[in-house]
Amino acid sequence: MKGYVALAAAALLLSMPVGVRGQDAAQTGSAVVSRTVKLQIVLTRYQGEKKISSLPYTLTVNMDDRNRNFGRSSLRLGTQVPITTMSRSGGDQNAPLVPTVQYRDVGTSIDCNVTALDDARYKVDLSVEESSVETTAAAGATSTHPAFKSFRTSDSLLLRDGQTSQYSSATDRVNGEVWRVDVTLSVVK
């Protein structure tokens with residue numbers, strides 16, 4: 001009889017939603033281990049050896065055992081820039097050209113996924129996109145038509161607590177600027 005009661009109790013526990021079991025474990029102080037990491041991502045541009053700009057971003061990623069030591073975070077920061085174009089109304093080839101305004105997003109987009117590994121390292125899957133408006137003639141811009149610069153990179157790296165790594169580096173073929181992305185991971189205690 002005791003065996004049937006124990007078996008029924010185990011079946012009941014296993015049939016409970018994971019969140020309920022996790023709450024019980026959290027209340028008793030076992031099983032669920034929360035982790036929070038901060039990622040410092042610095043986008044830096046150089047012209048030769050001279051630093052032109054340095055833009056730091058910090059993302060906080062929360063993880064716990066319920067989601068397999070995995071967490072994600074995203075950041076969007078930017079402006080919509082109006083662009084005037086000319087089009088013919090109604091699709092008629094003989095209609096007069098009419099100015100229309102469209103908007104284009106410029107700024108920074110960062111997406112990251114962090115996975116805690118068993119050896120005190122963290123796998124960081126990172127995607128960075130940076131775009132801006134360029135108004136100089138050297139970049140192909142005119143007084144009525146701006147040029148848009150963009151930088152995109154996506155890759156994975158392994159980091160330990162307190163470690164910094166150069167994530168990406170690239171040279172702009174139009175103006176020779178070098179773009180660098182450095183990432184530092186810190187475990188929040």
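Reply: A pocket here is an open set of points on a 1 Å grid over the protein atoms alone, with protein on both sides within 12 Å along at least five of seven lines, and its lining residues have an atom within 4 Å of a point. The model under discussion is predicted.

The largest pocket has a volume of about 150 Å³. Its lining consists of 14 residues, and those nearest the centre are Asp105, Val106, Gly107, Ser109 and Ser131. Two or more lining residues come from each of strand S3 (70-88), strand S4 (97-116), strand S5 (121-134) and S6. The largest share belongs to S4, which gives 6 residues to the lining.

The chain contains 2 helices and 8 strands, and their order from the N terminus is α-α-β-β-β-β-β-β-β-β. Of its 189 residues, 28% count as buried. The accessible surface amounts to about 12,200 Å², and carbon and sulfur atoms account for 52% of that surface. Among contacts between residues at least 6 apart in sequence, 51% join residues at least 24 apart.

Arg72 is found in strand S3. Its relative accessible area is 59%, which is over the 50% cut-off, so Arg72 counts as exposed. Leaving aside neighbours within four places in sequence, Arg72 is in contact with Val61, Cys112 and Asn113. The C-alpha atoms of Arg72 and Asn62 are separated by 7.4 Å, and these two residues are 10 apart along the chain. Between S4 and S5 runs a loop that contains Ala120. The phi angle of Ala120 is near 65°, a positive value in a residue other than glycine. Most residues other than glycine have a negative phi.

A pair of aromatic rings is described by the distance of the centres and the angle of the planes. The chain has 1 aromatic pair by the rule applied here. The rings of Phe151 and Trp179 have centres 5.0 Å apart and planes at 10°, and because planes under 30 degrees apart count as stacked, this pair is stacked. Phe151 belongs to strand S6 (residues 147-160) and Trp179 to strand S8 (residues 178-188), so that the pair links distant parts of the chain, 28 residues apart. Phe151 has a relative accessibility of 8% and counts as buried. Trp179 is likewise buried, with a relative accessible area of 8%.

Charged side chains also lie over aromatic rings. Arg45 lies over the face of Trp179, at 5.3 Å from the ring centre. Arg104 lies over the face of Phe148, at 4.2 Å from the ring centre.

Trp179 also takes part in the surroundings of Thr44. Thr44 is found in strand S1 (residues 34-47). At 3% relative accessibility, Thr44 is under the 20% cut-off and therefore counts as buried. Not counting residues up to four places away in sequence, Thr44 touches Lys51, Ser53, Ser54, Val178, Trp179 and Arg180.

Technical notes: Residues numbered from 1 in each chain as written. Predicted model: local features only at pLDDT ≥ 70, side-chain atom pairs only at ≥ 80, totals over all residues. Heavy atoms only, no water. Helix = DSSP H or I, 4+ residues; strand = E, 2+ residues; numbered from the N terminus. Buried < 20%, exposed > 50% of the residue type's maximum accessible area, 1.4 Å probe, protein only. Contact = heavy atoms within 4.5 Å. Areas by Shrake-Rupley, 256 points an atom, 1.4 Å probe, with all protein chains shown as cover. Phe/Tyr/Trp six-rings, centres within 6.5 Å; stacked < 30°, edge-to-face > 60°. Lys NZ or Arg CZ within 6 Å of the ring centre and 35° of its normal. 1 Å grid on protein atoms, 1.4 Å probe; cavity = no way out; pocket = protein on both sides within 12 Å on 5 of 7 lines; lining within 4 Å. Points joined across faces, edges and corners; volume = space filled by probe spheres on them.
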